[in-house]
Amino acid sequence: MAVIIRQIQKSDNKTLAELIRTVFREFNIDRPGTVYTDPTTDNLYELFQDDLSRYWVAEEDGVLLGGCGIYPTNGLPSDCAELVKYYLSSDARGKGIGKLLLQVNINTARELGYKQLYLESFPELDKAVTIYKRLGFRQINESLGNSGHSACTIWMLKEL
């Protein structure tokens, strides 16, 4: 079967939280001030019920491979959303699934009227950072908004 990109469902919460925390342990970034300890990680479906947010998951043969979303993070300008909780299982990496998820989110942000996308990341996720750069994100010198993820050390912005 082909990979399906669809919006998050309530039944995805537990599997996505486990997948995200597995990725954090894999890259040794499982520390306070990250999505790893963020309580919203366990309730992503509920978090993304805001009209100006969306969360997309990649699924193949009923198995969740990862996800990525856009969210109107507190403190960001009203025309800027944050690209959030973008993680793929190790089996899904290197197959173009991550790039597809990113493109769906970029298109969705435009459809919702956003003019910019902001993200936070880590040096340990260098392959993802490389993809961000290829898709037009540029590194900036400080964090924007109030994500609550104080441990992140890479901040990027893309004009839509």
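What volume does the largest pocket have? It has a volume of about 890 Å³. The model is predicted: local features need pLDDT of at least 70, side-chain atom pairs count only at pLDDT 80 or more, and totals for chains, interfaces and linings use all residues. Residues are numbered from 1 along each chain as its sequence is written, and side-chain values use heavy atoms, without hydrogens and water.

**The largest pocket**
- A pocket is an open set of points on a 1 Å grid over the protein atoms alone, where a 1.4 Å probe fits, with protein on both sides within 12 Å along at least five of seven lines.
- Its volume is the space filled by probe spheres set on the points, which are joined across faces, edges and corners.
- Lining residues have an atom within 4 Å of a point.
- The lining has 43 residues; Lys 85, Tyr 86, Tyr 87, Ala 128 and Tyr 132 are the closest to the pocket centre.
- Strand E4 gives the most to this lining, with 7 residues.

**Lys 85**
- Lys 85 sits in strand E4.

**The whole chain**
- The protein chain holds 4 helices and 7 strands, which are DSSP runs (helices H or I, at least four residues; strands E, at least two) numbered from the N terminus.
- Buried residues make up 49% of the 160 residues.
- The C-alpha trace spans about 40 × 35 × 30 Å along its principal axes.

Conventions:
Buried < 20%, exposed > 50% of the residue type's maximum accessible area, 1.4 Å probe, protein only.
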